[in-house]
Every structure is written in C-alpha cells, then in structure tokens.
Amino acid sequence: MPQSRPLRSLKVGDKAIIAQVNAEGELGRRIRDMGLVPGAEVEIVGRAPLKDPVALRLRGFTLSLRNNEADNILVATPEE
Amino acid sequence: MTNASQNVSAASAPGKEPGKGSGKDAALSTYTIALAGNPNAGKSTLFNALTGARTHVGNYPGITVEKKVGQVRTSDAVLNVVDLPGTYSLTAYSAEELVARDFLVEERPQAVVDVLNAGSLERNLYLAVQFLELGIPVVLGLNMMDEARKMGMVVDAKRLGELLGCPAVELVARTGTGVRELTAAATRLAKERQGRWKPVEISYGPDLDPVLAEMSAAIMTKSFLSSRYPARWVALKYLENDSQIRELGVQADPVLSAWLEERAAHVAAHLRTTLSTYPEAVIADYRYGFIASVLKGGVVTRDNLGDRLAFSDRLDQVLTHKLLGPVLMLGVLYLVYQITFTVGKVPMEWTQNLFALMAKLVEGALPEGLLRSLLVDGIIAGVGGVMGFVPLVMLIFLLIAFLEDSGYMARIAYMLDRVFRIFGLHGCSVMPFIISGGIAGGCAVPGVMASRTLRSPKERLATILTAPFMTCGAKLPVLILLASVFFPDSQAQVLFGMTLLGWAMALAVAWMLRSSMVRGEATPFVMELPPYRLPTWRGLAIHTWERTWQYMKKAGSMILAVSIVVWAAMTFPGVDEDKAASFEAAKAEIAAKIEAIEAPAAPGTAADSKDEAPALGSEAPAQGEEAATAQAAEPEGLDALKEKLADIEKREAAEGLSASLAGRLGASLEPLTRYAGFDWRTNIALVGGFAAKEVIISTLGTAYSLGKVDKDDAAPLAEMLSAEGLTVAGGLALMVFILLYSPCFPTVVAIGKETGSWKWSVFSMTFNTVFAYGLAVAVFQFGTRLF
C-alpha cells in the first residue's frame, strides 16, 4: 500500500489516485459532486501564477480548487 | 441544421392565429419538458437550437437565477421547454440546485432532457443518476459527440440507454445535429410515461442498504412526503443531511422525522468509527461506482485518451503562465475596456443625439411651462440618459459573452482568485469591477449585471455592493472639472489617484462587509476550467440580446418613474408667487425694451420707437433710470439688454432650484455638510447627481446662476467655483465624496434586481453616502489644517 499524502504536495505533472476526502458539508459535497472520490485518478496540470489555486485533470475534464481545499484530499502516489 | 431552423419557424408561429392552425392544435398534446445538465455541457446552446431566439426570460421566484421558457412544435406535440439552471448535482446547497429540484418536484414536467458532455461522461452522468433516482422520465442528450470522437472516444449511446433504462440521443448542439431526434425522443417518452415517476434503485453497499430499506419502509407506511418524493429518495436525503427535506419532514410528521434523523445519526456514527467516513461520502462513492460499472459495460471505448484536451492544455501553458498569463490578462481586460468605450462611444452619441433631438422637437412644439419642463428635463433627460447607455451595455455583454463562452473567463478567475480572496471576494469579481470603472470610465449598471458570472452568493453580493465605488464614466467629467480647478498642474495624477482610491475603497469595504454583514465561510472555489472553444455567433448574439433587453426593460419602467420624481423634487414647489411675479415683471420689462430697440430695424422710423417705448415701459413696475440708460446707450444696448434678460432667467432658475424640494434639502443639510466643506449649492448638485452623476455639473451650473453648463465646456463653472472660494481641501473632499457616495439611481435599481432584494439598494444608498461623508469630512478637516 503506497503512502498517502496531501494533494497540495504534488507538483505539476504528477499523477495520483485519490485515497481519502476529509471534507464535510458544502465543501465536501462540491468536491465529491465533481468526481473527486476515492479511487479517482488525478493529474496536476497547472498552478495559477500565485501558486494557488491548482488545476487538476480528472475523468476527462479540468478542475481548479484552492490549496486549502486541496488539503482535505489525501492521495496515493505510485512508489517512485 | 434543418430541423433547428424548422423549429425556429415553428416556434415563431403562435398558436392563437385563428383558422390557420387552431383546428390542428386541438389534437396536439402539450408537454412540459425541463432542460437540465452540468454547466459547460452546452445546455444553453441546445436550448437555443431547440427553441430559437424567441424565448421568455424571467427569474425563478425569490432568487435571481434566470428562468428561460421556449416553445417547440413538432408534428404531433407542443413542447414547452423550461431551461433549468446548470448544476452538477441535486443537493440543497446552492440556490441553483434547489431551484432545479423544486421545479421538477412541484411542476412535474413530463420529461427531463439531461444534456451531457460526451467527453466527460462519467462526471456528467452523476446528475443523470440523481434524476433516475428521483424517478422522473429522463432523456439523455449526449452532446459534443464531435469533440468526443476527436479525442478518440467511441460512445455507444444506445447501449448507455439500455443500461440506464432511458432513451439516449447523440447530439452536436452547435450544429443542430441530433436535435430533431432528441425532440422526438422526449415527445415519445412524455407520451408513454404520462409523467409517471419510476425511481431507480442503486445499491449503496452493506452499510447503507439495510438502513435505507428500513427507513423507506417506515416512510411508505406513513405516506411521509409521498405526494412529492419517492420514499427511498427521502431516506437517502435524510442520510445526506439534506436541510430542505429535513425541514419539510419536521413540518409533515415530527415524530417520524425525528426517528429518521436518529437512524441517520446512528449510521453516521457507525461509519465514522468503523471506516472514518460519512454517509454522504459513501453515497457519492457508490454513485460513481455505479456509473463506472455502466460505462465499462461497453458504453465507452477509447484509443488515445486525453488528446482532445491537448490543444487546450497548450493554450493554458501560455495563457495561465506565471509571468505571461497575468500580462496577457491585463492586455485582454484593457482591450475589453478599450473596445467598449471607443467603439461604443459612437452609437452612444447617436442615441444621445436622438434624445437631444427629441428634446428639441418637444421644446419647439410645446409652450414654455410645466408640461414641457416635465417632458424635456424630466422624462427625456432621465430615460434618455439611461437609454444612452444601451449601446455600451450591449457591447460589454457581447464581450463578456465571448470571454465566458470561450472559456477564458474561468481562467481569469483562476489567476486572480488568490488576490481577491484576501478581501473575501472571488476571482470572478474582477470583471464587474473593471466594467464599473476599475479602468476609469466604465459604468456600474452593466458592471453590477456582470456579477452574474459569480456563482458564489456571498462573494457575489460583496462584489455588487462595492463595484459602484469605481470611477465610472459619469463621475469622470465631474472629477476632471474639479481636478482642473483645484489641481491644475497635476490633473492626470489626481485622476489616477481617484481611480486607485476607488479600487482601494471597493476592496476595503468588500472586506468589511465579508467580515460583518455578509459574513461566512468562503464559498468553495471548486470550479471547472472548461476547454477553450470558439464561441458561435448565434450563441453570442442570443446571450447579448437577452441581457441587453432586460436592461432596457428596467430603463423603461423603474427609471421613468424616478426621472419624474427627481424632476419634481427639483422643480416644486418653486419660488413663491411674489418672487415669481417680480421675475416675470423684470423679464417683461427688459423684453419690452428689447422690442422697442429692435422695432426701428423693422419698417418703422426712429420716432415710432420713441413713442412706443415709454408707453410699454409705463406698464412695468420699475422704469425711470433703466429705461433712460437703455435709450442712452442705444448702439450696444441691445446686447446688454439681452444679456440682462439671460441673467434674470439664470437667476430665476437658480432661485427656483433653491426653493425646490431638492434645494431645501440641500440647504437643510448645510449644517452637516459644512464639516466637509460643501455649501447648499453643492448639496443640491449632489442630490441631483443621484439621478445620474453627470447631472452634478449642470446642476452646479444652475445653482451658481450660470444657466445650463455643458459638461464638455465647463470653464465658466470652473472659474466660478474657484472665485467662490472653494478651497483645495474642499475640492478634494468633494471629489472623494462624489467618487464614493450613493450609486446613481439606475445602479441602485440594478443592485435591487441583481440581489433580489430592495434592502440592498437602500443599504448601498445610505451606507455609501455615510461612508463617503465620513471620508470627505476627514479629508476636509485634515486638508484645511495642512494647506
């Protein structure tokens, strides 16, 4: 089982599998509605000029979320 | 394409024409079809392709989400298509989702057409599954099939339909491909099901399924909320903590509701301790799991994944690059502003000239008096002032539609979010600010309306309330005039400073609001960055026209009423009878003298004029020396007399203004505004500025007895102001006040409409004025001590 780490720590170009989403309430709902659920594969495609928000690719579309929102998401990266 | 145009012509023939189609109409059944789908799935493109431009745009009750209704006629049915707001889900969190849900439940449309982006089917099906769970008859419209094909995806619509148990139609809404098939499928389903709901059950796994079964059984035996929702769906919503359903439940049956809540809490606690997760998360997992299993059942096959987005990604590498991105963005924003105000100026002048011409015609056709004044100074000036903005507003909406439809607007929000978030705003707040005059010269009315692109309610409200602080095009001439009087050597710097002050105050007040009246957690940013697309002309035209038309409707109704009120306030009660009589008398006297002098130029002789002059003069109350001097200085006397007449008229106008309601208000406010350095004349002008800021100059002109001052040639007013002893500190205070005080009336109306509550209109009028007053007093008091 690969190590889980926060989504924020990924660099542009990194790919990972979502392991856990720890957000409740509206934020949790919005994150899940967009398909960020455990098992989904994501790739970091970019960061805004001020490093925040971050742009992700998942399920064939691009999604952006703020770093503090990404902190609620833990991902598993394939062992380097 | 053919079917789209056929639908347009069909939709444009209303059924009320006698003889032509009424007999056939009786046989046609009418169905209500709701159009739903994710944002960016091409829902509005499809709506336009279905119904053409002839749609009815309104708002859903109570909120500002647009409701569009259009009609489609096929050979065997009439479909009333209702455009639901674009949503990703059907929860109770956002106004859009609640509206969509309530419409389905309360209006019970015979079918829902769910538009899906075939390229990201997985996420798009998340909403479709929720419709199926609700049980409403669904037709899937797999849109953007061309793009999906280009990215190497083969989507088997038929297989998808079989697996989900609902018709699925392939679409390319941009070109109209498949639209006819979609209408046919929707009609067939509506006929077949006659609006009956058939909820689909999805398994939510060993932890939730048993409790869902137990809860639905209890709900069913008590017929709890069963007139509106299926039992299992209600149970699911209790597990999801859905606030709306829980409230309805408490009203319907408090005992059962409490029991359901207790069961839900029990399961939640169990999930937390055993799996450290929540029911909501489990439900989402299983829904996505269900979708994945459907898609794996031969629906989607792909050869080279991700190809479609490659182009978009390459563009993003430049357009959101950490150095190039912001530079290009500034360029784009500047261009939007430049195009709007250089290109827009021309038709804007046309409309303004048109209203000026109308005013002239009315002036010529009617005798001087109240009716003429009402028509010319009240209605034509007021409505014309607002209608003059129509070309500008149209152009801005066109450019915004382009930025939105192309996908660039989302990138602007993405790049600027970090900055705006500090002040409790959102990346999308930048557009309303810029249009309102963030680059000096905008207009707050379209600016406030541009805030529609913001999907987060609190950030949106804070943006709407602060955008009017910007240096709009109507404040600009007033500020330029004052800068030229008080800072003749550094006008540009002062104006730039005012623009910066506008930004600083907007951001500061936004921050204040977000930490007080509009307090609350930042709305999650979680936002889709749609792939870049070239907008279609048709889509741009329809978007632009819809928004412009709404603006014009506002101008036609509300603003007409207020123009009249403001005019009345500046006209009545007017000077008292004695004074009016003495003005009239003085005018008559001089007019008589002018006539007397001018008469000899006509066929008569000099002797005639001498006979006549005293005869007329004796009727005027004051004669004697004035008559004598006029006769003595006969050569230049004519010009001097005309000047005198004009002078009296100006004095009369000034007296009339000061005696009017607005004037009395100005005078009564003087004890208060003295601290900011404003006298009663300035106060009147500021009151007039509420109708439209550019009115400040002309009202100041009237108040200082200068007659009508043209805003393009205000030099005499400038001289007068400095001669009247307004100090530099006073001038600066006045500029600050004008920049920040109550938005003009059209903006106030826009605020009311956009926030859905007149409370915020009143708030912006009072708060901004008090705030501006406070700052102006500070500037004046400090300035007076400093200079």
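Among contacts in chain A between residues at least 6 apart in sequence, what percentage join residues at least 24 apart? The value is 58%, with contact meaning heavy atoms within 4.5 Å. The model is predicted; local features need pLDDT of at least 70, side-chain atom pairs count only at pLDDT 80 or more, and totals for chains, interfaces and linings use all residues. Residues are numbered from 1 along each chain as its sequence is written, chains are lettered from A and ligands numbered from 1 in the order written, and side-chain values use heavy atoms, without hydrogens and water.

Chain A holds two helices and six strands. Helices (H or I, at least four residues) and strands (E, at least two) are DSSP runs, numbered from the N terminus. Their order along the sequence is β-β-α-β-β-β-α-β. Chain A has 80 residues, and 56% of them count as buried (under 20% relative accessible area, 1.4 Å probe, protein chains only).

Chain B meets chain A through 42 residues of chain B and 38 residues of chain A. Together the two chains bury about 3,600 Å², the accessible area (1.4 Å probe) lost on being put together, summed over both. Carbon and sulfur atoms account for 54% of that buried area.

Eight salt bridges cross the interface of chain B and chain A. Each places a side-chain nitrogen of Lys or Arg within 4 Å of a carboxyl oxygen of Asp or Glu. One of them joins D52(A) to R418(B), at 3.6 Å from N to O. On the side of chain B that touches chain A, α19(B) gives the most, with six residues.

Conventions
Buried < 20%, exposed > 50% of the residue type's maximum accessible area, 1.4 Å probe, protein only.
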